[in-house]
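I open this entry to record what I looked up on pockets and helix packing. The structure comes first, then my notes.

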Amino acid sequence: MTSDNDRRRGLLARLRGRPVARSRGRRRLGAAVRLIAALTLAGGAYTVFAPGVQAQENPPLTGAAAEGKALFDVSCVTCHGRNAQGVEGRGPSLIGVGAASVEFQVGTGRMPMARQEAQAPRKPPVFTDEQVRQLGQYVHEIGGGPQIPEGDLRQGANLATGGELFRINCSQCHAFGGGGGALSSGKFAPSLHPATDRQIYAAMLSGPQNMPVFGDNQISPQEKADIIAYIQETLKHNQDQGGFSLGRYGPSTEGVAIFLIGIVALVFASLWIAGKS
């Protein structure tokens, strides 16, 4: 039989163990309650904010962009994908290129492109100016990117400043007279004579083919207006007061012409002198 002392010790041990067991149970219950509360709060926050985020990611298209999407789905989706994300081996992604790139490529007839080449040549455009703007608006609304400002792109332009900027930034490829020139790997800088104000502005913003991008940090909007005015009002209407322009390709053709004419003149002069002597 157990003594009274043993019973007392067992009773004390049980009493000492109860607070420990109770404290552990309370901690576990508190942790479970806190976890449930956190999950409830997270679910509520998601329910409140997720529809708004989704609506921002897929905003409704404007009227012009909706018209552009209809054109895109018929003429562009094969190469650029249903969401303009691009198709490998066919066409690049249009996300981020903006309306400026679309207006240049489609407005000059370079796109749609019949086949992959070193460079897309200028062709008669397939779409009207209004359709080109609708396509550009659609691409801009789904992917963002640079846009051409509205209004007169030559307003307040300075021809002298435009000429200086053109000679520094453009003449190396497009030649001093804007006639264009050959580049490496089958590419070329096109002539600027058929280009419109918006096409020149779009080319500076988007940097097509080998052309660098001239954003507003490199060339300000006012400087872009100066360059456009110089091209449109000076290069396209120059009467070549110095004589025959030789295509306005710059010193290369001029040097070849001088060399050939000079050599021929020297040969005839030498023959004439030899005949007289």
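For residue classes, I count Ala, Val, Leu, Ile, Met, Phe, Trp, Tyr, Cys and Pro as nonpolar, Asp, Glu, Lys and Arg as charged, and the others, Gly among them, as polar. The model is predicted: local features need pLDDT of at least 70, side-chain atom pairs count only at pLDDT 80 or more, and totals for chains, interfaces and linings use all residues. Residues are numbered from 1 along each chain as its sequence is written, and side-chain values use heavy atoms, with hydrogens and water left out.

Entry 1, second largest pocket. I took a pocket as an open set of points on a 1 Å grid over the protein atoms alone, where a 1.4 Å probe fits, with protein on both sides within 12 Å along at least five of seven lines; lining residues have an atom within 4 Å of a point. Its volume, the space filled by probe spheres set on the points (joined across faces, edges and corners), is about 430 Å³. I noted 30 lining residues, with H174, P190, L192, A203 and M211 nearest the centre. By class, the lining has 20 nonpolar, eight polar and two charged residues. Helices (DSSP H or I, at least four residues) and strands (E, at least two) are numbered from the N terminus. The largest share of this lining, four residues, comes from α8.

I found about 710 Å³ of space in the largest pocket. Of its 33 lining residues, H80, P92, L94, Q105 and M111 lie nearest its centre. The lining divides into 18 nonpolar, twelve polar and three charged residues. Helix α4 (98-107) gives the most, with four residues.

Axes are lines fitted to C-alpha atoms, for helices over the stretch in contact, with angles from 0 to 180 degrees between N-to-C directions. I read that the axes of α8 and α9 come within 10 Å and cross at roughly 135°. The two are therefore oblique to each other (under 35 degrees is roughly parallel, over 145 roughly antiparallel, 65 to 115 roughly perpendicular, the rest oblique). In contact (heavy atoms within 4.5 Å), D197, I200, Y201, M204 and L205 of α8 meet P221, K224, I227, I228, I231 and Q232 of α9. These residues comprise eight nonpolar, one polar and two charged.

The axes of α2 (63-75) and α5 (129-143) come within 7 Å and cross at roughly 100°. That makes α2 roughly perpendicular to α5. Among the contact residues I listed L71 and F72 of α2 and L135 and Y138 of α5. By class, this contact has six nonpolar, four polar and three charged residues.
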